[in-house]
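This briefing covers selected side-chain contacts, nonpolar cores and a pocket of one protein structure. Please read it with the sequence and the 3D view open.

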Amino acid sequence: MLLQVTASSLPSKSNLYPFQIYKNPIEPAQLLALSLKTATFNHPLISSRLISLYTHSKSTTLHHLRSLFDQFQQPTLFSWNTLIKSYVQNQRSQESLFLFLQFMTRSGLMPDVFTLPCVIKACGRLMAVKEGGQIHGLVFKLGFGSDLFVQGSLVGMYSKFQDIGSARKVFDQMTERDLVTWNSLMDGYVKDGEIELAMELFDEMTERDVVSWTVMVDGLSKCGRVDDARKVFDKMPRRNFASWNAMINGYMRAGDFISARGLFDVMEDKDIITWNSMIAGYEHNGRCSEALKLFTELLNLGYVPTHSTLVSTLSAISWSALLSKGRWVHSYMVKNGHKLDGVLGTSLIEMYCKCGSIETALKVFESIPNKKLGHWTAIIAGLGTHGQATLALDLFLEMLKMNVIPNAITFIGVLTACNHAGLVEDGRRYFNMMIKDYKIEPTVEHYGCLVDILCRAGHLEEAKNVIESMPLKPNKVIWMSLLSASRIYKKVEIGEYAAQNVTEIDPNFIESYVLLSNMYAATGNWDKVSHARNAMRKTGVKKDPGCSLIEYRDEVHEFIAGDKSHPRTREIYHKLSEIRERLKSVGYVPDKSQVLLHIEGDDEKETELESHSERLAIAFGLISLKPGIPIRIVKNLRVCNDCHSVTKHLSKIYDREIIVRDNSRFHHFKHGSCSCMDYW
């Protein structure tokens, strides 16, 4: 017989903790069946043994364990401790605290040195500062203040709270300290930015494990001391995935993706976090093509991407505007059952928005059953940048009706929508709503949106007053909005005032000189054009050339202004000649004020305009893509007035939708008009 025992033969009182290590092997289901048959299920010794066996069984789920626990008439302290610990181990700390509350109010038992460390750990994970303080008080009340395990847990909890003073106080009261406690305090110093104190503690340690070394590597790299972090890394007697990943992250954070790649390549084994670190690091450093190559390599090697992998990959696709790649990743997500109810859904919406497919972004948004604030914010901001302000604001109002509370980022999206559609009154109203109704303090970004709304609509004096009266120091983006509008509306005095403030913030910011020069050129003041360009030359900084990208057959084709390096250059320039003739036939007249340089002769000015990078990309799209397929272009600079006018004509002449993403918004050109309604 597996377990020869009856209720009468069991001791009435037992030491339950040693009993969990039972010498005779037995399956949980066997003991459960036997306990029910012999009516011993609710005996303290048997119930404790049952929950112990089920806890250590690989086939047991937490739900199954809770169901078993709920059947006990009077769970033992051991059973309570086992279930609380299981919740903490399964990253369900909030439920563990609820269970502890039930224990304190219903069980008639008192917690011991096995209960309290689990509950303290749960408080630390949840950043439950108030509850953590209450548990610490209970520790003293019950007389466990000198227990090493409880003290060590308190050090870890306070370190997570970044209450390093309380952590150190408990640490100093300990008569003995294990390695986990040393590591917890050192990690607390790192998180609190006290790297020198962390290093002092590290030097005091008589023994160290891989965690100790990794904490120092991570801490040094996070505070910018990557070379020191590498010295510690090189001294490590043994390294694990976490230490390698910490050093790779450190290099990526410092922008040294070459050194990060060097470490990655020499690693014999890699985990998914290593791959995530590299992909996210490449994306963060603007090396999007390398990020996408690594993602493809990861899949080919059989790794299973996590949500973090996919979020970084979608972000890299967003910046590259590779719609076909984005659709492929989306297809992979659907095929592999990735849910869109969290950050992943937000990233997917943003990807489609930034790749120019706002219709698909809307479909993704509508397919999410339980929409969170991030999903609403992403689609509102996306619609705004695509010029669909009415729909963006309608969705914002719908969001409010569903009792979803907007945050500061949501209002940036709302104000951006007002900005790109020229909705001045709406912009003012929503700015005031944010402050009065939602008690959100405007940031520089919010003021920047309001200023841009006023500038684009020609209210330059009001915009100037807002800048001068705002409680925050205006950044150069705000002053550049005023300067850009001064160029458009030919307000030279205000433009000079804005340019002076930009120069004070960043004397080498080339775009301010370019806009100032352009403003003077638009008013025919060539002496001041020369003066502005001489000032620009003295900075030693050169203007970034216009660059446009277009995707064709999974390859990105890049064009620079005046470019003749493309393999199909002859066909492209032949198409440009055709475009020139067709534009003349519909009465197009070039806006030669857009030529920044004082070029003599109208023909030379027209030639300069015709060679702008987006025109080369459009010509390539017309000769490469089948009729009816939209031409999608990404440009690094703001689209000039003349190219904007030309692209409107071309969308009608060739009956082709042309979608251009410049450095501020999307332009959907269709049937001779643009979604921006000429506000950009």
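D506 is partly exposed, because its relative accessible area is 21%, and values under 20% would count as buried. The model is a predicted one. Its salt bridges number 23, and the points below begin with the one that D506 forms with K476.

**Salt bridges between separate elements**

- The side chains of D506 and K476 meet in a salt bridge, with N and O 2.9 Å apart.
- This pair links distant parts of the chain, 30 residues apart: K476 belongs to helix α29 (residues 476–489), while D506 sits in the loop between α30 (492–505) and α31 (510–522).

- D187 and K191 form a salt bridge in which the closest N and O atoms are 2.5 Å apart.
- Why are D187 and K191 separated by about one helical turn? The two residues are 4 residues apart in helix α11 (residues 179–191), which means about one helical turn lies between them.
- D187 is partly exposed, with a relative accessible area of 24%.
- K191 is partly exposed as well, with a relative accessible area of 43%.
- Salt bridges also link E196, R225 and D228 in a network.

- H668 is found in strand β5 (residues 666–670).
- Is H668 buried or exposed? H668 is buried, because its relative accessible area is 10% and the limit for that class is under 20%.
- The side chain of H668 makes a polar contact of 2.5 Å with the side chain of H386.
- A polar contact of 3.5 Å joins the side chain of H668 to that of E657.
- Setting aside residues up to four places away in sequence, H668 touches G356, I358, H386, E657, I658, I659, S673, C674 and S675.

**Nonpolar cores**

- The largest nonpolar core has 163 residues, of which I349, I379, F396 and L482 touch the most other members.
- Helix α27 (residues 444–456) gives the most to this core, supplying 8 residues.
- Another core, of 30 residues, lies apart from the largest one, and its members include I550, L583, Y588 and F620.
- I379 is in contact with I349, A361, L362, F365 and L395, if neighbours within four places in sequence are left aside.

**The second largest pocket**

- The second largest pocket has a volume of about 950 Å³.
- Its lining comprises 32 residues, and those closest to the centre are K85, P117, C118, K121 and S153.
- Helices α5 (77–89), α7 (115–126), α9 (148–160) and α11 each contribute at least two residues to the lining of this pocket.
- Which helix gives the most to the lining of the second largest pocket? That helix is α9, with 8 residues.

Methods. Residues are numbered from 1 along each chain as its sequence is written. This is a predicted model: local features need pLDDT of at least 70, side-chain atom pairs count only at pLDDT 80 or more; totals for chains, interfaces and linings use all residues. Side-chain values use heavy atoms; hydrogens and water are left out. Buried means under 20% relative accessible area, exposed over 50%, partly exposed in between (1.4 Å probe, protein chains only). A polar contact is a pair of N or O atoms within 3.5 Å; within protein, one must be able to donate a hydrogen and the other to accept it, and residues adjacent in sequence count only if both atoms are side-chain atoms. Contact means heavy atoms within 4.5 Å. A salt bridge is a side-chain nitrogen of Lys or Arg within 4 Å of a carboxyl oxygen of Asp or Glu. A nonpolar core is a set of buried Ala, Val, Leu, Ile, Met, Phe, Trp, Tyr and Cys residues joined through side-chain atoms within 4.5 Å. On a 1 Å grid over the protein atoms alone, a cavity is a set of points where a 1.4 Å probe fits but cannot get out, and a pocket is an open set with protein on both sides within 12 Å along at least five of seven lines; lining residues have an atom within 4 Å of a point. Grid points are joined across faces, edges and corners, and a volume is the space filled by probe spheres set on the points.
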